[in-house]
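Trainee: Please take one part of this model and go through it closely with me, then zoom out to how the chains meet. I'd like the cut-offs spelled out as you go.

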Number of protein chains: 2
Amino acid sequence: MDWYWLNGRLVSDKEAQIAPTDRGLLLADGVFETMRARAGTLLWLEDHLNRLREGATLLGIPIPLSDDAIHDGLKALLDKAGLPESAMRLTLTRGPSLRRGLWPPDEAVRPTVLASIAPLVTPPPVRLAVCRQTRRNEFSPLSRVKYIGYGDSLIAKREALDRGATDAVLLNTNGNVACCSVGNIFVRNHAGWATPRLQDGALRGLARARVMAALPARELTIAAHELGSIDAGIVTNSLGLTVVSHLDDRPLDGGEAPAQLASLYD
Amino acid sequence: MDWYWLNGRLVSDKEAQIAPTDRGLLLADGVFETMRARAGTLLWLEDHLNRLREGATLLGIPIPLSDDAIHDGLKALLDKAGLPESAMRLTLTRGPSLRRGLWPPDEAVRPTVLASIAPLVTPPPVRLAVCRQTRRNEFSPLSRVKYIGYGDSLIAKREALDRGATDAVLLNTNGNVACCSVGNIFVRNHAGWATPRLQDGALRGLARARVMAALPARELTIAAHELGSIDAGIVTNSLGLTVVSHLDDRPLDGGEAPAQLASLYD
């Protein structure tokens, strides 16, 4: 049986039901966080809750539970699942509204807070393809928070698989590198490591900040053509980091992650 | 009691439950249509189903029911509600997936097909403000289908209300006019009526095509500054059309809709 933590209660999958009026479902009116957990401990929890709050503030969604109550709930779900290494997802939506339309919702709307947990999966080195079908919108403030609208990433990921790669590099509307489908990207050339700037459409990743400090890596605008001269790459998110083995079929130095990143997720 | 049509069955609100693993909820992995209905008849149904299929094809979501089965289901919901004039929403998501992550979903995933109905509301003339906080991504193919990720529209609409307007004009990333938060925009200047081109980020609206033919209106790239010289505007979607009374506090000729549009929704 799968367990969820839903609106302050630990519930089984039978009880964990979402209303058909939930604005998360109908309008993608929500944000989320995905966290790594080990042996009863949630990695970077405070930072995750801070970022969740940033996204919620941008959309104007109140968070109906204190950080302590959220921590207790996630911990209860973690204990119930009893997994050695796991991925915990915390989703916040505006909640169910009987009033249709974009805005305003009805007065009785109460945010939905949902957490789910799954075993942590460690992916193999990634083969990247630069996405052609869509672009990431660096003009939207939603590109800098964990917004639940992953449609462009989904299109990019599916295109990458169709082309024999395993993940996509998304360019922004200006043709500069933004990120991968579910992670930040770091690339290395003769000048060292770099990662796209937030204003270029990169998510403010929690792993991103730590990898920038550890490598170290500079924040730069990276034009698509500059990817032709990189010799190594890493994709990072809160669940882990993956070495890039190929970029558009060109092999990179995709063996081991740099030694200074070994303890990043400990 | 509210009724829904969910995965082929007419169900009450108590039974109409969505799984917490639904990818529509978690990743905005879905599309929708909103239709106008009157006295047992759904307006433009065939066109709506064609557009739903276009969006579903873009995301790679199979539609698990035939057009006839969808028509019968929507008709049953319409009859149950018994409203003289209504707004019917049909939502298609990839469905619940126990496998976490962006892609692929688990093999057992089965799309969610959900319809809901509400009384039709006729809004008063609209005061528009040009949105400053976000832009519509004309580079994304999702901008041309009815994707459920309405985050940018939501930000724009809330900004408009904060500024004393009632809806927003969204510009695209190039600074040209794209659309309003939930509708296409038509503007008139000395040269006549015009509406933004699809490649500028306009949704391929069903009312848009009909208004273009009826006015008539040209499809044009409309720079933001060109809004300064318009003297009338209309916002259209499948539920109705609204005359623009003001644009950024400047009064327009916002009295009556042009006579040739009078029978558009009959």
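Mentor: In this predicted model, strand β10 (residues 184–189) of chain A runs antiparallel to β11(A), with three bridges between them. Strands here are DSSP E runs of at least two residues, helices are H or I runs of at least four, and both are numbered from the N terminus; a pair needs at least two DSSP bridges. Residues count from 1 along each chain as its sequence is written, while chains are lettered from A and ligands numbered from 1 in written order. Local features need pLDDT of at least 70, side-chain atom pairs count only at pLDDT 80 or more, and totals for chains, interfaces and linings use all residues, with side-chain values taken from heavy atoms, leaving out hydrogens and water.

Back to the strands: the link from β10(A) to β11(A) is a hairpin of two residues, and N189(A) sits opposite G192(A) in β11(A). β11(A) also has strand β12 (residues 217–220) of chain A as a partner, this time parallel and over four bridges; there, T195(A) is bridged to E219(A). Four of the five residues of β11(A) (residues 192–196) are buried, so the rest of the structure largely encloses this strand. Buried means under 20% relative accessible area, exposed over 50%, and partly exposed in between (1.4 Å probe, protein chains only).

Now the chain contact. Counting heavy atoms within 4.5 Å as contact, 56 residues of chain B meet 56 residues of chain A. Together the chains bury about 4500 Å², 67% of it on carbon and sulfur; that is accessible area (1.4 Å probe) lost on being put together, summed over both parts. L25(B), R100(B) and L102(B) give 15% of what chain B buries against chain A, more than any other three residues.

Polar contacts do turn up, in 17 residue pairs with both at pLDDT 80 or more. These are N or O atoms within 3.5 Å; within protein, one must be able to donate a hydrogen and the other to accept it, and sequence neighbours count only if both atoms are side-chain atoms. Elements giving two or more residues to chain B's side include α2 (45–59) and α4 (151–162) of chain B, and α4(B) has the largest share, eight residues.

Technical notes: Buried area is the accessible area (1.4 Å probe) that two parts lose on being put together, summed over both.
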